[in-house]
Amino acid sequence: MEMRRTTTVVLYPGVGVGHLSPMLELSRGILRHGIDVAVVLVESPFGDSGFAAAVARARSTHRLLPRPPHSPAAGLRPYLRRRRGRHPMVGLLRYLRATNAPLRDLLSSLSRPAHALALVLDMFCAHALDVASELAIPAYFLSATGAAALVVFLAVPGLRARVDAAFRDLCDNVVLPFAGMPPLKVSQLPPGLADDGALFQASLRLAARVPEARGILVNSFLALEPHTVQALRDRLCVHDRPTPPVYCVGPFVSPSAAAAAREDDAHECLRWMDAQPDRSVVFLCFGSMGAFPRHQLTEIAAGLESSGHRFLWVVRSPRSGDGGGTSPVMNPADDPLDELLPAGLNKAFIVEEMRLGVEMAKDGDGFVSAEEVEEKLRWVMGESGGARELRERAAAARDKATEAVADGGPSQATFVEFVKDLEAS
């Protein structure tokens, strides 16, 4: 009798809570289909306490592999400091590429005749495709930031080749077309993609590797980004190579928060939320690395207070460059993970395409004023026709998200397609 091969999917999220958490949600979905999962962890070179805490929580509930041995974190850490002409993101990508050797050793130790492997990579770990190719392991990518960000990431190399000039050298009224989404002005691109510096070149190298994968998993669902997803499926985003199959399997929502809310020892913030009237609280959260300079924090706080609305705000202390903050290598405005993708992609897509938000405009110094925060909060929470319609659209999107991940929903059906491709590979 022929021995049935067992399969293990190895997930490699790189670093950062925003990259680890979606991978862990993906692992739960894969496990539900009877396939083993191993998550490869590496030490964060940023000394990020939030990431370390997320790793600790994951270890308590998942079967995770230890980080690859002989981690080069200490040796590459100096490269992550901002130096003249060098962006810290470039150092991070070099760090992740340097983990190829221990990753190869780890995957080789898992390979055996009756055991099949597949690899799912974070977008920043694209150079690990070399390891997958060497070991003949099928590799997929996970885009944790949705379909629109993926379109921009894939399209920028071809767009740059067609305009034959650095984006920052173009007039500001020039718009950059992206398939399936609103065009972006040059001013809406972050500095890392607007010039032809080291970060831009590193981004191009990453984007060029993505078509080598067997498929791309996207943390989104069809009803949320129909035009963008269709552009990806129609292979309109990579100008000279076919785009791999795209699987919209999101949204990834951790059940832990809902479970914690039902516990007797729930956090006092959750107990306070339960005591408030429905739809009366403004929630502010800017991600695991969303720290602002002190002046911006002051403006946000003043605007919240003046608006008169209840609010719950996840506040992170400003990072310092002297080792005293949450990251010893970065300044408050130097968030490389955010700078790799356009901040103006969020405004254009959420405000203009999805119509689920309003823009908070910056002043001449690049800050959002307290008056702007107050005005927009009063509008969103008010009773004007436009505000009510926005809240209705947001509620409809929430319902569509719930339907997408329910049994028989489109994201669940797409997940089954991914699992079938895993088994076929």
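Me: How many disulfides does the structure hold?
Reply: The model is predicted, so local features need pLDDT of at least 70 and side-chain atom pairs pLDDT 80 or more, while totals for chains, interfaces and linings use all residues. Residues are numbered from 1 along each chain as its sequence is written, and side-chain values use heavy atoms, without hydrogens and water. A disulfide is a pair of cysteine sulfur atoms within 2.5 Å. The number of disulfides in the structure is zero.

Me: Is Cys 285 buried, partly exposed or exposed?
Reply: Buried means under 20% relative accessible area and exposed over 50%, with partly exposed in between (1.4 Å probe, protein chains only). Cys 269, at 30%, counts as partly exposed. Because its relative accessible area is 44%, Cys 285 is partly exposed.

Me: Which helix gives the largest share of the lining of the second largest cavity?
Reply: A cavity is a set of points on a 1 Å grid over the protein atoms alone where a 1.4 Å probe fits but cannot get out, and lining residues have an atom within 4 Å of a point. Leu 93, Leu 96 and Arg 97 are among the lining residues of the second largest cavity. Helices are DSSP runs (H or I, at least four residues) numbered from the N terminus. The largest share of this lining, three residues, comes from helix H4 (residues 88-98).

Me: How much space lies in the second largest cavity?
Reply: The count comes to two cavities of 30 Å³ or more. A volume is the space filled by probe spheres set on the points, which are joined across faces, edges and corners. For the second largest cavity, the space is about 40 Å³.

Note on methods: 1 Å grid on protein atoms, 1.4 Å probe; cavity = no way out; pocket = protein on both sides within 12 Å on 5 of 7 lines; lining within 4 Å. Helix = DSSP H or I, 4+ residues; strand = E, 2+ residues; numbered from the N terminus.
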